[in-house]
Amino acid sequence: MTTSGGVGHVSADPTARPFPTQLADAQWRIKKEPHVIVDTLEPAAFRVARQELLAAPWSQPADRRAALSDLTDDWLGSLFAAAGAPTRGVALVAVGGYGRRELSPGSDVDLVLLHSPGVEVTALADQIWYPVWDSGLRLDHSVRTPAQARRMANSDLKVMLGLLDARTVAGDEALLAGLRTSALADWRARAASRLGDLRDMVRIRRATFGDLAYLQEPDLKDSIGGLRDVVIMRAIAASWVADVPRSQLAAPYTLLLDVRDALHTVTGRSSDKLIRQEQATIAGMLDLPDPNGDGDGLLRAVASAGRTIDWASDMVWHRVDRLRRPSRLPGLKRLGRDRTPQRIPLAEGAVIDDGEVVLARDARPDRDAGLTLRLASATARAGLRIAPATVRRLAESAGPLPVPWTDAMRNDFVGLIGAGRGMVPVWEALDQEGLIVRLLPEWEPTRSAPQHNPVHLHTVDRHLLETAVRAASYSREVARPDLLLTAAMVHDIGKPAGRASHSEVGAQIAADMLPRLGYGAADTAVIVDLVRHHLVLADTATRRDISDPDTVMAVADAVGGPEQLELLWALTRADAEATGPAAWSPWKEALIDSLVEQVAAVFAGRPDVTLPGPTEAEEVAAAANDVVVLRDERGGLEELVIGTPKAELADIAAVLALHRLQVIEARASLTDQRSVSTWRVAPSFGEAPDAHRIAVDLRRMLAGTLSVHDRLMKRETSYLGGQDAPAPRVVLLPEASRSATVVEVRAADSSALLYRLLHSIATRHGHVRAAKVSTLGADVVDVFYVVGDDGRPLSSEVALGLRDDLLVAAAVPGVDG
């Protein structure tokens, strides 16, 4: 890029595809670099030149960031000179991202007008700031002497971080040089306390913005593993307290900058939040592999970059913390400058050296196939970290693995994945250097693979690690903890295949993989079955009537025996706990425990286990003459027991919907004179249900003075006006029960959906004996156990008609009647 005099136009190849400000077609690639000519100081001319530069074709986004910084430098320098700034004692200084020459289309321009004491700069500042504002740039500015800037940096960490990246745009370079020297000296002298404050800022960011690698819509700058963490690591390196793996950070940092450039270009805004609706477009702009065209390729790349940055940050902070406090390891003391670090044996070929695990002097990774797993297992169980140089040496020189693994290797693998929380940083260190994929090639597709179920907090690979961490806490409660831990590590390994039945895909992968890891045929069969059935307990407990004997027998047939049931129970808990708070609750725990108890009774030869009878509240509701609503709290959910003169469940569901209660589960009994139903509900807006108000509205509804249908439809229409959802699916499940017709409905959630479905069932003269409602983000899975007036399953003809009715009711916000 060449410049002369002021700001002007950008000339570029008119046939090249641009990095556009308005995207009509996102499948492009920047090919050439523009030529900028500077010829005026006018803000409008600068704005035009800047827009042309942003729209011009570029071979690399990094080159565009540098050119944008150069263009801004040229214009600001021209403003500075034209304002008659003195040659000594005044400097215009760029800080932060502008100081690093990393301007994105929506970036702020951070400037400090630095001046010596006694030099008047008020008029000069006005002649710079006002044109910048007129140009449309977002300006963050200040006017300070070097002493003032130094004091601010020592009192405000953000100012210090910005100052560490400062550079002179125009004016007296000696001013900034002196300030940087003194500020760096202050930073290094006070590193012990200031790094503690910086660590607190990181913790706040984690709580506020989450982890970049595991979010569907991360903040590229402030999420943990984002751009700000690299800036912080640079500051730590500048303090001389700990070194930073710069070579490993360059590529992920550049990727996040490129993604941010594209995000600003697509949205026309300065936000750094990678919103879902723009991800496919951005993937195309950056030529990232995205075979499904849904942005998953971008999310995977961003997650991988975030993981690398977070891993490096975690390692750097670990070293900072290690230097800031004495080691708590047995046999280690705070080492003075005049002492040689102790080397404590940890395992064959591995020693502890100054709080980190390194290879023993006589270790030979090329000749010791089990060394990597042995060292990793011992490190994780001791709660330590592997020194980065050691991980690199293992990656460079480890020899081939035997097939199958030896018993010792398999035991060390189980020791690693059973180490609890200490396993995660060790696994991550091995994964960053490619050692995990060398050990387990099947792991590669899971790395940074996005999850599409909103209840999941983590990517597929991290979810598997978190499941193993939680499974380790149940290792004392099962006879074969090694099988439990291995199943935890592979239970979702089939998800990246992108098929609906990831359990079946994962079972096949496990069947092929486990013999290579040294598992015998019997143990392999157990683990494969655990992978295949890892959703059985949770899905059955939440979507089926567990008081139905057919439900219990179906689970028993799938599980196979008491030992497998014990393992499946622990795996189910660990999987749900690792998924996130939305996947595990006291209510769900109670359902699963009740189901497991009944299945265990079948295996023990007691298939006719006594099921719980009516609760005291249900007996009271059945004996009353008027409408009764009794409220209780069970398993973390509100429970409403409702007794009415004979009323359809649809009417009760409508009243509950009016009170903005989300139904989780319902069961009902019906006599000639009275209806008793129990509803587990959750308030939509955090308020506990008011039993008295619900009873009043039920009486009004029964008396015909409350039109619940019209009110619900009006509310729902106002919410569903622009909704574009996939078509609903309704399936009859004839094998699920012999005593009722079981029908499953999958549809977009809405406030009146349950009412519409129950209304359709009543229209067919069906009665709901039990209902299970599962909400999965914007969708629901509702399962109904339906009987006719005679208390028996519906005829095939009636059941098919009901299926068609439910399809209509699930698809539209309203029903006839």
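Trp133 is partly exposed in this predicted model, with a relative accessible area of 38%. Tyr130 likewise counts as partly exposed, at 47% relative accessibility. An α-helix has 3.6 residues a turn, so residues three or four places apart point the same way.

**Aromatic pairs and charges over rings**

Five aromatic pairs are found when the whole structure is searched. One of them joins Phe46 and Trp75, which are stacked, with 4.2 Å from centre to centre and 5 degrees between the planes. Because Phe46 belongs to helix H1 (residues 43–55) and Trp75 to helix H2 (residues 61–82), this pair ties together parts that are 29 residues apart in sequence. Both Phe46 and Trp75 are buried. The pair of Tyr130 and Trp133 has ring centres 5.2 Å apart and planes at 85 degrees, so the arrangement is edge-to-face.

Arginine side chains also meet aromatic rings. Arg167 lies over the face of Tyr98, at 5.0 Å from the ring centre. Arg410 is placed over the face of Tyr519, at 5.7 Å from the ring centre.

**Helix H10**

Helix H10 (residues 246–267) consists of 22 residues and reaches 31 Å from its first C-alpha to its last, close to the 32 Å expected at 1.5 Å a residue. Of the 22 residues of H10, 16 are buried, so the helix is largely enclosed by the rest of the structure. Gly268 follows H10 and has a positive phi, near 70 degrees.

Strands of a sheet pair through backbone hydrogen bonds, either parallel or antiparallel. Here, four strands form an open sheet in the order S7-S8-S9-S10, with mixed pairing. Its edges are strand S7 (343–347) and strand S10 (385–386), each of which pairs on one side only. Strand S9 (residues 356–359) and S10 run parallel and are joined by two bridges. Glu356 stands opposite Arg385 in S10.

**Backbone features in loops**

Most residues other than glycine have a negative phi, and most peptide bonds are trans.

| Residue | Phi | Loop |
|---|---|---|
| Ser448 | about 60 degrees | between helix H17 (435–439) and helix H18 (460–472) |
| Arg660 | about 55 degrees | between helix H27 (649–658) and strand S13 (661–670) |

Ser448 counts as buried, at 1% relative accessibility, whereas Arg660 counts as partly exposed, at 33% relative accessibility. A cis peptide bond leads from Val403 to Pro404, with omega near -5 degrees. Pro404 is found in the loop between helix H14 (388–397) and helix H15 (407–417).

**The surroundings of Ser677**

Ser677 is part of strand S14 (residues 674–683). With a relative accessible area of 0%, Ser677 is buried. Apart from its neighbours within four places in sequence, Ser677 is in contact with Leu640, Val641, Ile642, Leu649, Ile652, Arg667 and Ala668. The side chains of Ser677 and Trp679 are joined by a polar contact of 2.7 Å. Ala622 is 55 residues from Ser677 in sequence, and the two C-alpha atoms are 9.4 Å apart in space.

Conventions: Residues are numbered from 1 along each chain as its sequence is written. This is a predicted model: local features need pLDDT of at least 70, side-chain atom pairs count only at pLDDT 80 or more; totals for chains, interfaces and linings use all residues. Side-chain values use heavy atoms; hydrogens and water are left out. Two strands pair if DSSP finds at least two bridges between them. Buried means under 20% relative accessible area, exposed over 50%, partly exposed in between (1.4 Å probe, protein chains only). The expected span of a helix is 1.5 Å times one less than its number of residues. Contact means heavy atoms within 4.5 Å. A polar contact is a pair of N or O atoms within 3.5 Å; within protein, one must be able to donate a hydrogen and the other to accept it, and residues adjacent in sequence count only if both atoms are side-chain atoms. Rings of Phe, Tyr and Trp (its six-membered ring) pair if their centres lie within 6.5 Å; planes under 30 degrees apart count as stacked, over 60 as edge-to-face and the rest as tilted. A charge sits over a ring if NZ of Lys or CZ of Arg is within 6 Å of the ring centre and within 35 degrees of the ring normal.
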